[in-house]
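The following paragraphs guide the reader through one protein model, from the chain as a whole to single residues. Please keep the sequence and the structure in view while reading.

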Amino acid sequence: MVLLGTVSADNIKKTDAEAKKAIHFENSLVYGSQFAAEDLPHFEMKEEPMPAETAYQLVHDELQGDGSTSLNLATFVTTYMEPQAEKLMMETLAKNIIDAEEYPASQDLSNRCVNMIARLFNAPVNNPDDESLGVSTIGSSEAIILATLAMKRKWQAARKAAGKPHYNPNIVMNSAVQVCWEKAARYLDIEEKYVYCTKDRYVIDPKQAIELCDENTIGVVGILGTTYTGEYEDIKALNDGLEKLQAEKGLDIKIHVDAASGGFVAPFVKPELEWDFRLPRVVSINASGHKYGMTYAGVGWAIWRSKEYLPEELVFHVNYLGAEQASFTLNFSKSATQVIGQYYVLIRNGKSGFRAIMQSITETSDWLAAQLESTGRFVRMNQGGGESLPLVAFRLKEKHHYDEFAIAARLRSRNWIIPAYTMAPHAEDLKLLRVVCRMDFSRSKAAALVRDIVQVCDFLDTQDQDTISAWFKDHQNAKKTNAKARKGTHMNDKHSLQGKHGKTHGIC
């Protein structure tokens with residue numbers, strides 16, 4: 001029982017001046033402070049500081065506008081690590097890994113990672129005079145630029161030695177490459193030669209790739225898991241074709257493998273697949289530790305078959321804070337934390353742990369694809385059963401008054417982040433949706449996604465074209481509003497594949 005209380009009358013009458021008294025802020029209270037009552041700085045720093053807890057809470061609140069990482073099925077980048085890994089990473093956040101003299105243990109763990117990953121990729125380790133080399137990077141973008149630079153300089157040195165022109169290098173690759181390859185070629189002044197996709201082929205055609213090669217080709221790129229469909233390119237066929245090309249025309253052209261996503265998948269799901277240093281033409285490989293390497297964003301790896309393929313002129317020998325060291329990176333300082341996290345993941349899971357996780361999420365991706373196809377609405381665009389990355393690329397089976405972009409936008413209202421794309425050049429009229437199955441994408445979560453996709457399609461079936469168009473336009477306008485602060489003077493390029501062909505760049 002609750003007793004009824006009596007509220008006594010207040011006989012003290014307040015004057016109008018007292019009633020309109022200015023607000024008294026209490027800065028010891030986050031939401032009672034002056035800082036909560038005004039907009040946060042956008043362009044210029046305030047003169048006075050604010051309390052640490054207030055700054056934390058207000059920034060925390062701002063970030064509530066981000067999507068949920070666990071429901072973000074657009075990205076390959078790791079969104080879950082064990083608490084023990086997070087603890088180690090927080091403990092090493094302040095360590096600058098370039099300081100080898102001051103942090104020798106951290107540098108040693110980085111070298112251990114290089115060794116483990118190089119062996120995972122079957123690097124030759126039998127000859128101490130011809131050792132493989134590797135370096136940690138911020139991600140695959142840095143690794144790709146470094147590897148491309150090494151190929152260019154290797155080609156230039158050979159041309160100079162032969163007394164031939166060395167000013168017009170080119171590189172051959174699939175038009176479905178991630179944008180970092182466009183950057184590497186553009187930044188390093190290398191002509192891009194593309195093997196274009198078709199409506200039923202989204203990977204490189206080895207025969208066409210070989211036909212594009214000439215005396216100015218510094219290398220051919222093979223992708224172990226394309227961004228759109230996750231398919232593995234036939235790198236062995238590229239290798240065999242280049243062997244034949246050298247025998248017939250004397251052109252000694254090597255392969256770089258972009259294993260950003262597949263480098264930590266294929267060895268455990270399809271170990272018999274020959275894509276790595278087992279192939280003699282493969283001289284360098286990049287991999288993203290922050291993708292299926294299961295480490296938070298900020299770590300990648302570049303591995304070379306031997307020092308022969310990393311020109312000495314690119315390596316800087318420095319004495320930094322008392323330690324002699326060789327450096328081949330685009331940046332100098334960076335935290336040790338991601339490398340420490342990568343080492344934790346490698347020793348924590350071991351080969352059997354990686355095998356269990358990669359096979360499990362491959363099964364989940366196959367199950368998801370089967371469920372989507374069973375609705376009668378969708379067609380899967382990539383192979384399953386370990387023949388591609390654990391993702392599902394799919395499109396509408398029949399033409400509707402709505403498309404894949406409308407489905408993706410409607411799913412966002414249910415907090416799912418599922419990207420829709422237009423395919424690479426020469427197949428750009430194809431649209432697709434892509435779901436990346438990461439370690440934290442469980443079977444029950446996949447079932448919930450199927451349910452929501454079906455319900456979204458059922459809803460769109462009931463709407464007329466004008467309603468969907470108006471609603472989708474509103475959705476696009478909201479995205480433009482969010483992007484307004486990022487808009488600059490270089491938003492409409494004409495030089496990239498996207499600018500030329502309308503290609504939608506895949507999220508990594």
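**The chain as a whole**

Of the 508 residues of the chain, 48% count as buried, where buried means under 20% relative accessible area, exposed means over 50%, and partly exposed lies in between (1.4 Å probe, protein chains only). This is a predicted model, in which local features need pLDDT of at least 70 and side-chain atom pairs count only at pLDDT 80 or more, while totals for chains, interfaces and linings use all residues. Residues are numbered from 1 along each chain as its sequence is written, and side-chain values use heavy atoms, with hydrogens and water left out.

The chain has 14 helices and 13 strands; these are DSSP runs numbered from the N terminus, helices being H or I with at least four residues and strands being E with at least two. Among contacts between residues at least 6 apart in sequence, 71% join residues at least 24 apart, a contact being heavy atoms within 4.5 Å. The accessible surface of the chain comes to about 26300 Å², and 52% of this surface belongs to carbon and sulfur atoms. Such areas come from the Shrake-Rupley method with a 1.4 Å probe, and for residues only the protein chains shown count as cover.

**A pocket and a cavity**

Grid points are joined across faces, edges and corners, and a volume is the space filled by probe spheres set on the points.

The second largest pocket holds about 940 Å³ of space. Its lining comprises 36 residues, and Asn111, Val114, Gly134, Val135 and Ala326 lie nearest the centre. Helix H4 (104–120), strand E1 (133–137) and strand E9 (323–327) each supply at least two residues of this lining, and H4 gives the most, with 7 residues. By class, the lining has 18 nonpolar, 13 polar and 5 charged residues; here Ala, Val, Leu, Ile, Met, Phe, Trp, Tyr, Cys and Pro count as nonpolar, Asp, Glu, Lys and Arg as charged, and the others, Gly among them, as polar.

The count of cavities of 30 Å³ or more comes to 1. The largest cavity has a volume of about 60 Å³. Among the residues that line the largest cavity are Phe76, Tyr80, Tyr292, Met294 and Arg438. The lining of the largest cavity divides into 5 nonpolar, 2 polar and 3 charged residues.

**Along helix H10**

Which residues does Phe354 touch, beyond those up to four places away in sequence? They are Phe264, Phe268, Tyr292, Gly293, Met294, Val345, Leu346 and Asn349. Phe354 lies in helix H10 (residues 337–374) and counts as buried because its relative accessibility is 2%. Phe354 and Gly293 are 61 residues apart in sequence, with their C-alpha atoms 9.0 Å apart in space.

Gln338 is also placed in helix H10, and its relative accessibility of 19% is why it counts as buried. The side chain of Gln338 reaches the backbone oxygen of Ala297 at 3.1 Å. This is a polar contact, that is, a pair of N or O atoms within 3.5 Å; within protein, one must be able to donate a hydrogen and the other to accept it, and residues adjacent in sequence count only if both atoms are side-chain atoms.

Thr364, another residue in helix H10, is buried, with a relative accessible area of 6%. Leaving aside neighbours within four places in sequence, Thr364 is in contact with Phe441, Ser442, Arg443 and Ala446. The C-alpha atoms of Thr364 and Pro390 are separated by 7.9 Å, although these residues are 26 apart along the chain.

In helix H11 (residues 404–412), the buried residues are Glu404, Ala406, Ile407, Ala408, Ala409 and Leu411. At the start of H11, a side-chain oxygen of Asp403 reaches to within 3.1 Å of the backbone nitrogen of Phe405.

Asn216 is found in the loop between helix H7 (206–212) and strand E4 (217–223), and counts as buried at 18% relative accessibility. Asn122, in the loop between H4 and E1, has a positive phi near 60° without being a glycine, and is partly exposed, with a relative accessible area of 35%.

How values were computed: On a 1 Å grid over the protein atoms alone, a cavity is a set of points where a 1.4 Å probe fits but cannot get out, and a pocket is an open set with protein on both sides within 12 Å along at least five of seven lines; lining residues have an atom within 4 Å of a point.
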